[in-house]
Amino acid sequence: MHTRSKHIEIDVHYIRDQVLQNEIVVAYVPSANQIADCLTKALTHTRFSQLRDKLGVTPSPINLKGGIKDKIS
Amino acid sequence: MRKFKMENTSSCPTPMITGKQFTTEGEKLQDPTMFRQAIGALQYLINTRLDIAFSVNKLNQFMSSPTIDHWRGIKRILRYLQGTIQHCLHIKPSTDLDLVGFSDADWATSVDDRKSMAGQCVFLGETLVSWSSRKQKVVSRSSTESEYRALADLATEITWTRSLLAELKLSLPRKPTLWCDNLRVLRH
């Protein structure tokens, strides 16, 4: 392993152990489909709304605006 | 919105401008109480609106001595929320309960200390069940290193979620998959 990455060994070994024990699968996803992208940097409008939809943050079908009092009166 | 006198402002499409760098330098706010109250309220909101998680977390780092620029950042988030006030996190029913995680890191983006931002999200079926957006505690010397840290965090989160599901007597149809966008990480 490269000298620069030697101190990340613990993280590497942890993940590798998990993979070898058949606990998890690590796979590559192209940056374009990386959903966690919007949690690490500010994005452009189109990309942001695209990822927001993928996360499941979408307009609510039910209107929850306004208090109960408004509805009664 | 009413409290911060923002109920009649025009809305913004995103919570933060692309490429915007916030630093500790700049003209300090006279009264940081308002800033702190806003951050507190927004943090509560992250529970259901994780789309603002990154921007709120970013500004949260300047809680001790906020500047006018940081306040502008808060106003931008509020304006974004103004336009997307009806949005919320949807929990969808799905027959396939696969556990899937995404992890990403943005290397050395913090201008003041060069620490990296890490983001992760865990889906159970089609529903998002866990997420985080935070600054890593250690300075990473390469992007692979920061990606690895993020991936290890995600792996622990996945392991925890899995043990919780096991306790609920819910077995997963397939092995949990961790998605990562760094090829060097996968090569090791």
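**View 1. A:V57 and its partner across the chain boundary.** In β1(B), A:V57 has B:L89 as its bridge partner. The two strands here, β2(A) and β1 of chain B (residues 87-89), pair in the antiparallel sense over three bridges. Pairing calls for at least two bridges found by DSSP between the strands. Strands are DSSP runs of E with at least two residues, helices are runs of H or I with at least four, and both are numbered from the N terminus. A word on the model: this is a predicted one, with local features needing pLDDT of at least 70 and side-chain atom pairs counted only at pLDDT 80 or more, while totals for chains, interfaces and linings use all residues. Residues are numbered from 1 along each chain as its sequence is written, and chains are lettered from A and ligands numbered from 1 in the order in which they are written.

View 2. The open sheet runs β1(A)-β5(B)-β2(B)-β3(B)-β4(B), with mixed pairing. Its edge strands, each pairing on one side only, are β1 of chain A and β4 (127-135) of chain B. On average, neighbouring strands are turned by 20° against each other, direction ignored. Helix α2 (residues 53-60) of chain B packs on this sheet, touching β3 (117-124) and β4 of chain B, and its direction makes about 25° with that of β4(B). For such angles, axes are lines fitted to C-alpha atoms (for helices, over the stretch in contact), and values run from 0 to 180 degrees between N-to-C directions.

**View 3. Strand β5(B) and its two neighbours.** On one side, β1 (residues 25-28) of chain A runs parallel to β5 (residues 177-180) of chain B, joined by four bridges; here A:Y28 stands opposite B:C180. Strand β2 (residues 99-106) of chain B is also parallel to β5(B), again with four bridges. Along that pairing, B:V100 partners B:T177, and B:F102 partners B:W179.

**View 4. The largest nonpolar core.** This core holds 49 residues, and those with the most contacts inside it are B:I77, B:C121, B:L151 and B:L178. Both domain 1 (1-88) and domain 2 (99-187) of chain B give residues to it, so the core lies between them. The domain bounds come from an automatic or database domain assignment. A nonpolar core is a set of buried Ala, Val, Leu, Ile, Met, Phe, Trp, Tyr and Cys residues joined through C-beta atoms within 7 Å. As for burial, a residue is buried if 20 or more other C-beta atoms lie within 10 Å of its own, exposed if 12 or fewer, and partly exposed in between, with C-beta atoms placed from the backbone. Zoom in on B:L151: leaving aside neighbours within four places in sequence, it is in contact with A:I15, B:S103, B:L178, B:C180 and B:V185. Contact means C-beta atoms, placed from the backbone, within 7 Å.

**View 5. Where chain A meets chain B.** Here 37 residues of chain A are in contact with 52 residues of chain B. On the chain A side, α1 (9-20), β1, α2 (45-55) and β2 (57-59) each supply at least two residues; α1(A) gives the most, with five.

**View 6. The two domains of chain B.** Their centres, taken over C-alpha atoms, are 25 Å apart. Eight residues of domain 1 of chain B are in contact with seven residues of domain 2 of chain B.

Terms used. Contact = placed C-beta atoms within 7 Å.
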